[in-house]
Amino acid sequence: MANLTTCLTLFFLCYGLCSAVYEDQVGKFDWRQQYVGKVLFAHFDSHSQAAKKLILATDKNIVASLNSRTGELFWRHVDKVGPEGHIDTLLFHGQDAVVMAGNGRLLRSWESNIGALNWEMVLDTGSFQAAILAGTQDSVKFVAVLKKAVLSLHYLSNGHQKWVETLPDSDTVQYQAVYSSGGSQLFVLGVVPYSHLSIIAFNIEDGEIMSQRSVAAPWVSKVQARCGVVDQGVLLCVDATTLSLYMLPLNSEEPAELQQVPLQSLDLELASGYQPVLLTTQPNPARPPLAQFFLQLGPDHHVLLQLSDGLISPLRDFQPAFLVSFATAGEKTVAAVLSPKNETVSAKAGGVVAETVHPFLHFFLMHCFIVLLLDHAYDLQASSVSLYSADSGRRLLDTTVTVHLDPNGGKPEKLYVHAFLKKDDSVGYRLLVQMEDHTLTFLQQPGRVVWSREEALADVVTMEMVDLPLTGTQAELEGEFGKKADGLAAMVLKRLSSQLILLQAWIAHLWKLFYDARKPRSLVKNEVTIETLARDEFNLQKMIVMVTASGKLFGIDSKSGTVLWKHYLHDVQPNSVFKLMVQRTTAHFPHPPQCTLLIKDKETGLATLHVFNPIFGKKSHVTPPALSRPVLQSLLLPLMDQDYSKVLLLIDDEYKVTAFPSTKHVLQQLQEMASSIFFFLVDSSQGRLSGFRLRKARELSLTDLSTELIWEVVIPPEVQKIVAVKGKRASEHVHSQGRVMGDRSVLYKYLNPNLLAVVTESVDTHQERSFVGVFLIDGITGRIIHEAVQRKARGPIHLVHSENWVVYEYWNAKSRRNEFSVLELFEGTELYNSTVFSSLDRPHLPQVLQQSYIFPSSISTMEATLTEKGITSRHLLVGLPSGAILSLPKMFLDPRRPEVASEQSREENLIPYAPEMPIRTEWFINYNQSVSRVKGIYTAPSGLESTCLVVAYGLDIFQTRVYPSKQFDVLKDDYDYVLISSVLFGLFFATMISKRLAQVKLLNRAWR
Amino acid sequence: MRLRRTVAPWWCFLHSVFALALGFGDMEPGPQTSGERFRIEGRALVHGVRLQDWISTAHVLVEGEEHVGFLKTDGSFAVNDVPPGSYVVEVVSPTYRFEPVRVDITSKGKMRARMVNYIKTSEVVRLAYPLQMKSTGPHSYFLKRETWGWTDFLMNPMVMMMVLPLLIIVLLPKVVNTNDPEMRREMEQSMNMLNPNHELPDVSEFMTKLFSKSSGKSGGGGKGGKSGAVKRSWKRTLRGFSQQDFDQTLA
């Protein structure tokens, strides 16, 4: 019964304090952007010209379908992270997208219209090599999967296995490719490096080995990209050491020799040190491949060759051309080229241009190939794409398209072409270009960019929110207060003039409103551009600076989600660690805001700094210090130089300190403050936490900054390992020093700004012996303030450390559930020193309260809301694996929640303890806009105390505002102005009328 | 540490008879058995909604994101490569709500499905396996706006408090003949009973005097005398009423 009542009270309380979304607020303050990641495989739905689907598979283990008209997602399916979900290949036929995932473990067929599975098969484990679609009699029926030792054939319709055969000598021969030309045979190509090629022909009906032979090839190293099948089953290989092409007919019975064709005999020259790449095409898996193929001889040199009657002849030479791609469409032969705009055609006709239609092209398919000619040296911005006929190499008329690609985006990496026949039988095409920075650009024929997607944003590593700059007039006003007073009269004049400017601006604004109102609504543009950016009244609109794993930086407007600037850092290693710091905010007007990105290579530990303006994305003129030694720790001090930029300290592995900026003024200040600048280092491999202090230089040499060890805590790494160390956010404000209790006494919070929460996990993962430890350590003195151990628990652990509390979440291995635990620190009913907190002078340890709760879901990430002054109550924002972001009131995580509600606890508004934490869908701040794989949640205060800005990032980006204590400082957006004014007017008129009536009545009475 | 205390008795209260009889006694959670892997199968259903309307946004999660499964075009699903253990399986859809189910897999590959109970973790309420996940309806994400209606306004206690005395002021003089001297005397007596000390200055009276001074000109001499007395007495009743109302609401 008691349980029931607590449940009921909980239920009613929930209604009281939720900060949910109203239905009419959908999309008003929030936006979501969905991404898929770097595209590995892409296919156009080439069923008809009107087809508007794109099927993608990406490095984030995602299969998705895009609308090719708008670039929006039709559907997206996110598999699990890591190698188990990795997509090996994507094949597309008809409406079915066949996906091989998990290194040949799962074979799935997606129905591309609905976005659901047709079938799913589990294959035996084995290292995946290749998969193709195979067919007989002009219809594609099978999927052939080649693994290291096994070849299996599956029906395309239901995934069932037709046959599976083990490959002979799989321990010596590396089988790498499988090929079918629609006949009854399925060829498997194997390689014994630098010895011979092994070719096995299987009967497609029963899997019987029809022939098996090995051909001596002492130059061969691998099959992929070096070998291909052209024409009626002729194997072609290219080799860089012998500078030759090799040919071998697959169908011939006798073990023939490879026929060598030196590249010189074809008038071709290989770029020195370049590994040539062979690109063949097979438009229909049930038919033989084309006789034409591409040979890439250098990074920007491609040649189109043709095999006819056993002879290889070049058709056309393309230089410079970065990317080439084959595409297939209906009935006529056309082609396209992309070249620098000022040059007409940068491809010179090579060797023989075949004028006659190739005998093997008798079938009524048309094969176009597309050459993307890009000249890096000239002008990357303007390049053009043209179609060329595959069988003659001639350029087609009216197919040249000028393409403007972002010069900052690096080189184009991949090209996907969708060619189709127009009504007048000419060939039209659409292009999907993937750039080095993972941008996808979709182009249509008259050179129009239909859409582009910034797929780098699928992997945001870190972000910051920066206030927008003030407008000119606002800055003028602000400047007035900053300057020193120069006489009363001057000040009055200045005040008047600034008021005049304000009035002028207001009138201009009114005029604009009036002017816009006359125009039709569609004409009024409300676009956000970098020029029109200005801080709004309540500082609700900010600039989101995002750093992605690929090394691309973005500046995004928080209100609309438009990317305002992007900057690609070309020289970033793929395994780098980033740390973004705001050195100077927009508050110091004539000085531009300044952000510093610390890029650290994970392996070498060497770091570089990228200093930029967060509003415009431009690289700053300030030259950052060169860092020659690996950086261990970085530290942003509240100390400022004359230009108001905060000082960044970088500690290298010799415990030497580099300051940035390092002007004389800064160094002097540092020397003065040295005794009070502390920092800590964590070495998780040795379980060592150590605290350091900046040492004063003995002589007057200011440049040399060294450190001294103050304390050291060793957590034995044989027993437990440190998984997380978290301090408090520097920008956090705490409004109230204590909590008023039911008996009117005050319980003071222990607000130690130097407190670190260290989380450890046991090395022993057995469920009976595993544990999670939490240490609260003072970062200045190294004093362990509190220890808590959660037995039979393991990670992953999510931790939030704020104010006077630490909330962490762990997995209870015994009860198999997720649990929250909250630690709250109090000084007691008396404050030791109420004016200032010093870690060095705190004799009493704080009182620590702890309580744990069951959470009925696992979580992805956790963060606490943050507001300007810290008056608003706090909520925890919890990212759930289901894609929801839960706004959980901190009130539920209060260790003072009583078991039995008493008069005092009721007065304190404490909710009676209930073991299970509620999850209510009304608390989902992103309602049905679920976000996948939330990696982090960023919270920032706005100018309104009630409002906290939230950005959740991961695969998707979601931005919204939350009001943990509801909107107490602004009128709600559903505020009923009509009612209020009608009541006012009603009352006013009622008074008037009654006054008149009263007068009349009094007059009458007087006459009586 | 409260949690452990509350949960411990439940843990001891193991449904051992049931569990052992079914051969689930040797259950070992966690991924330590790297040997065999099993498949969790089931079907998801949303009553009255076509499959293609919701299926593309739905997927199956096993124990957070540890294992992921996808729905087939007929609504069935299978999660592959799951090692023996105990897992919470949930169908996740942004529009429809599904109840999670706990699935236990023994090292021999025996499966059973039961209700998720995080508090009494060992309690077994069996469910059908292969799983039948029926949607319990659409998610309710939104709060209803407080709409404004006349009834809400009128039923407001403050408004009631104002309107009722007003009615009395208007209606009572009509019912009771105030010109009858006997009646008036009676009323005055009752007023005196209510407010025994006349000498105490009344704040509201003071205020009305203060404000009516300026408007007194237009009112002429009609203000004094009996009508004033009557007004005052009614005001008192009014105050009495509202005081009573307050007490009631507080209680």
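In the predicted model, strand S1 (residues 21–22) of chain A is joined to S11(B) by two bridges, and the strands run parallel; pairing requires at least two DSSP bridges between two strands. Tyr22(A) lies opposite Leu143(B) of S11(B). Strands (E, at least two residues) and helices (H or I, at least four) are DSSP runs numbered from the N terminus.

The contact (heavy atoms within 4.5 Å) involves 68 residues of chain A and 50 residues of chain B. About 5,400 Å² is buried between the two chains, with carbon and sulfur atoms giving 56% of this area. Buried area is the accessible area (1.4 Å probe) lost by two parts on being put together, summed over both.

Two salt bridges are found across the interface, a salt bridge being a side-chain nitrogen of Lys or Arg within 4 Å of a carboxyl oxygen of Asp or Glu. One is formed by the side chains of Arg105(A) and Asp81(B), at 2.5 Å from N to O.

On the side of chain B that touches chain A, at least two residues each come from helix H1 (2–12) and strands S3 (67–71), S4 (76–82), S5 (85–92) and S11 (142–143). H1(B) supplies the largest share, seven residues.

Residues are numbered from 1 along each chain as its sequence is written, and chains are lettered from A, with ligands numbered from 1, in the order in which they are written. Local features of this predicted model need pLDDT of at least 70, side-chain atom pairs count only at pLDDT 80 or more, and totals for chains, interfaces and linings use all residues, while side-chain values use heavy atoms, leaving out hydrogens and water.
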